[in-house]
Amino acid sequence: MSKSLQATAISSPNIAFVKYWGKRDSALNLPTRNSLSMTLGAPLETKTTVTFDPKLGADTLLMNGKAVEGDGLARACRVLDAVRKEAKLALHASISSSNSFPTGTGIASSASGFAALASAAWAAAGLKWDEKKVSAIARIGSGSASRSIAGGFVIWEKGKKPDGWDSFASSFAPPSHWPELRDLVVVLDDAHKKVGSNAGMQDSVKTSKLYPPYVKEGDRRVEKIKGLILSKNLPSLLEEIMAESDALHAVMADTTPPLYYMNENSKKVAAFVRQYNARVGKTVVGYTFDAGPNAHLITTADRVEELKKEVSKLVPVKAFFVSAPGPGVKVL
Ligand code: PMV
């Protein structure tokens, strides 16, 4: 082999304003609804190097220096398989990945992890950059990873095709569109979630009577939020983000067995956000919660320090992370 089949990519998580919750195809992570997110950036980054190597007898995965096997490795192999198929490549790969943020802090690293993996593998295999295809391949590792490929404000289209090639994410506004917007991540609990999003969302699809209207509302809400981002209408955007988060957690609670990802402190933070806005006299901060207890407070840069102080007085906070809209994946 003359050319080195190695590449490195850096990627960040994203925070969904309209969530992905439920699949129409579990093997390919094809969603039931469109979703919309803001891609985050430093200090929340994953750096991943992929090396295709004829000396390897199997794919290997190192995360923060530790070998990963089982489900984590199997998911990574599915992403590598999709890249190998595109590149007509028959070599195994070694993957080495590390997070700039401490793992076990309750920050979901699957979106940034699979986005970095798909991008590094794509480049290592010598393929010409194709954002849509890389997004669709990242999606095979973790649905939300499809959105971390693109920068700024992003929509993941659910698509229609059974093979999933039309289910990818793309940006509708760059980070420079709204550079003062912030996600203030309030880490309340760093324990691993008991019911992972993969199992939880399919239970909701099967059992929640609130699920069909939630899905139906999704595409309308994506269009509405897209318009509110493009017109930079902060109060209405934040109200809509909170309404979506509340609707998701209502579906979760209505699932059999019920899914309670928010804890008592999450609820305190949500109530505080409503009170803070009432005090200010307009909606200047909004909350959104994923499949975990940690709060994402969407606000503008000028509010961050005051919010940190007030939230710290209210509940025990393990860590804060602050991110502006980020650039999407970078292949080094
Ligand atoms: O693809 P996953 O397993 O990371 O699913 C993520 C689901 C939520 O975070 C709850 C919502 C979302 O759209 O990010």
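In the predicted model, strands β12 (residues 181-187) and β14 (residues 295-300) pair in the antiparallel sense over 6 bridges; strands are DSSP runs of E of at least two residues, helices are runs of H or I of at least four, and both are numbered from the N terminus. Two strands count as paired if DSSP finds at least two bridges between them. Within this pair, Val185 stands opposite His296 of β14. Helix α8 (residues 264-280) packs on the sheet, where it touches β13 and β14 (contact: heavy atoms within 4.5 Å), and its direction makes about 160° with that of β13. Axes are lines fitted to C-alpha atoms, for helices over the stretch in contact, and angles run from 0 to 180 degrees between N-to-C directions. Helix α7 (residues 234-253) lies across β12, β13 and β14 and runs at about 30° to β13.

The largest nonpolar core comprises 33 residues, of which Val50, Phe52, Leu80, Ile95, Leu117 and Ile137 touch the most other members. Such a core is a set of buried Ala, Val, Leu, Ile, Met, Phe, Trp, Tyr and Cys residues joined through side-chain atoms within 4.5 Å, with buried meaning under 20% relative accessible area (1.4 Å probe, protein chains only). Helix α2 gives the most to this core, with 8 residues. A second, separate core of 27 residues includes Leu36, Val185, Ile225 and Leu228.

Residues are numbered from 1 along each chain as its sequence is written, and side-chain values use heavy atoms, without hydrogens and water. Local features of this predicted model need pLDDT of at least 70, side-chain atom pairs count only at pLDDT 80 or more, and totals for chains, interfaces and linings use all residues.

Conventions: Buried < 20%, exposed > 50% of the residue type's maximum accessible area, 1.4 Å probe, protein only.
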